[in-house]
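Have a look at the structure first, then follow along.

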Amino acid sequence: MKLLLVGNYPADGQKSMQAYAQMLLSGLRKAGVDVEFTAPRAMLLRGGYSMSGLAKWIGYIDKFVLYPLWLARAARRFDRTHVCDHSNGMYLFWLPRERSSVTCHDVIAIQAARGLVEGWHTGFTGKVLQALNFHGIVRAQHVVCVSDLTRTHLLELREDLAGRTSVVLNALHSAFHPDPAWRATLKANGHEALGTRPYLLHVGSDHPRKNRIAVARIFAQLLRMPRFADTQLVFVGPPPDAAMREVIATGGFGARVQTLEDASHTLLVALYSGAQAMIFPSLNEGFGWPVIEAQACGCPVFASDIDPLPEVGGAAAVYFDPADSARAAELVAQANFERMTLMGLDNAARFSQDEMIRKLIAAVGLTATPVVTHEESIGTHA
């Protein structure tokens, strides 16, 4: 049985989805599945890419017009096709439904397009895109959901999918582990100063649902406590927006805030390893990879008490109401970091790639047989 994995448009910069696709590719090959990988590439969009203006529309032509035509032909050579990211659900219109499956990481954008997510505005083209993605997902023979919450939300949108869905929790997509030389790693990457003082960490985008302003508010509360008098705050992601800058300016701790926009994997592991803790006050998640990434590196995690974060972080994390920054700060101040570190390492061990691949193979009905692994995938379409 030959399987074709369908990945994401590289110009979109969706690192987590690219990591997921590569995790499936290597894990399935290791398990004995004859699998190849493809992803759309920039045919018309040769220069820089932007999520707005003309470049956005050219990217849409690459992704949603040219590539599907190529994919439909390429898929004929394979027994099964698996779309790695539900945000490419519309590709399923071009694939044989009885031989295709998809991973659904969340339905947040689909819910937002239907007006079901507070504070998230979706324009006309966004609504059309999400409608196409959803109806593509519905066509799949099987939908793999990365958490119980994602499956629940999907079935709230379409009950009759119940018999064609299963939950396969994400694994750690890369090698996350405590880095005993994290200070040296920070220094080698030009961040030596971070190794001289304690710091709290947040990892994530600047999307409103990530609720990064709450991190700044919690930090402002913590600075009033002797335990955190010398602590810094590090954001791995875009610089603070205007609302966050106002909180930081009001608290007078601008000199304590650092932002790393594009951390390499090695640097990210070092940041997790050296942090006092990670604060993750998200308002909406399909899974929450940073939670187990941090735990696998020995970093205590304080996260929102919204599902599926307790499903992912288990008893090793401390959970709080993301709307109550004062209480969150109290919980951070009262926590036993050493105990959380040990429990977090144990919890992260649950998310093994071998276990995830085994369950995915069973869920979508693949056949694993000893094969000679390919050194090269079929890559992008030509």
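What follows is a set of questions and answers about this predicted model.

Q: How many disulfides does the structure hold?
A: A disulfide here needs two cysteine sulfur atoms within 2.5 Å. Cys-104 is in no disulfide, as the nearest cysteine sulfur, that of Cys-145, is 5.1 Å away. Cys-299 is in no disulfide either, with the sulfur of Cys-297 nearest at 7.9 Å. For the structure, the number of disulfides is 0.

Q: Is Cys-299 buried or exposed?
A: The cut-off for buried is under 20% relative accessible area. Cys-299 has 2% relative accessibility, so Cys-299 counts as buried.

Q: What is the relative accessible area of Cys-104?
A: The nearest cysteine sulfur to that of Cys-104 belongs to Cys-145. Cys-104 is a buried residue, and its relative accessible area is 0%.

Q: Which residues are linked with Glu-285 in a network of salt bridges?
A: Let's take the pairs in turn. Glu-285 and Arg-209 meet through their side chains in a salt bridge, at 3.8 Å from N to O. Glu-285 also forms a salt bridge with Lys-210, where the closest N and O atoms are 2.6 Å apart. The residues linked with Glu-285 in the network are therefore Arg-209 and Lys-210.

Q: Which residues does Asn-284 contact, leaving aside its neighbours within four places in sequence?
A: Asn-284 is placed in the loop between β10 (277-280) and α10 (289-296). At 16% relative accessibility, Asn-284 counts as buried. With those neighbours left aside, its contacts are Ile-108, Val-117, Arg-209 and Ile-306.

Q: In which helix do Glu-355 and Lys-359 both lie?
A: The side chains of Glu-355 and Lys-359 meet in a salt bridge, 3.5 Å from N to O. Glu-355 is partly exposed at a relative accessible area of 29%, and Lys-359 is partly exposed at 40%. These two residues are 4 residues apart, about one turn of the helix, and that helix is α14 (residues 353-364).

Q: Which residue in β8 stands opposite His-202?
A: Strand β7 (residues 199-203) pairs with β8 in the parallel sense, over 5 bridges. In β8, Leu-233 and Phe-235 point one way, while Gln-232, Val-234 and Val-236 point the other way. The residue of β8 opposite His-202 is Phe-235.

Q: What covers the buried residues of α5?
A: In helix α5 (residues 148-157), the buried residues are Leu-149, Thr-150, His-153, Leu-154, Leu-155 and Leu-157. Their cover includes β4, α3 (108-113), α4, β5 (142-145), β6 (165-167) and α11 (309-313).

Q: What distance separates the C-alpha atoms of Tyr-91 and Gly-136?
A: Tyr-91 is in the loop between β3 and β4, and it is buried at a relative accessible area of 0%. Not counting residues up to four places away in sequence, Tyr-91 touches Val-6, Pro-40, Lys-63, Phe-64, Tyr-67, Pro-68 and Leu-71. Gly-136 is 45 residues apart from Tyr-91 along the chain, and their C-alpha atoms are separated by 6.9 Å.

Q: Which helices each supply at least two residues of the nonpolar patch?
A: The patch on the surface is formed by Ile-61, Val-65, Leu-69, Phe-93, Trp-94, Phe-124, Val-128 and Leu-132, with about 720 Å² of accessible area together. Trp-94 has its place in the loop between β3 (80-83) and β4 (100-104), and is partly exposed at 36% relative accessible area. The helices that each supply at least two residues are α2 (53-74) and α4 (124-139).

Conventions
Residues are numbered from 1 along each chain as its sequence is written. This is a predicted model: local features need pLDDT of at least 70, side-chain atom pairs count only at pLDDT 80 or more; totals for chains, interfaces and linings use all residues. Side-chain values use heavy atoms; hydrogens and water are left out. Patches are made of residues with over 30% relative accessible area and no salt bridge: like charges are joined within 9 Å, nonpolar side chains (Val, Leu, Ile, Met, Phe, Trp, Tyr) within 5 Å. Accessible areas come from the Shrake-Rupley method with a 1.4 Å probe; for residues, only the protein chains shown count as cover. A salt bridge is a side-chain nitrogen of Lys or Arg within 4 Å of a carboxyl oxygen of Asp or Glu. Buried means under 20% relative accessible area, exposed over 50%, partly exposed in between (1.4 Å probe, protein chains only). Contact means heavy atoms within 4.5 Å. Two strands pair if DSSP finds at least two bridges between them.
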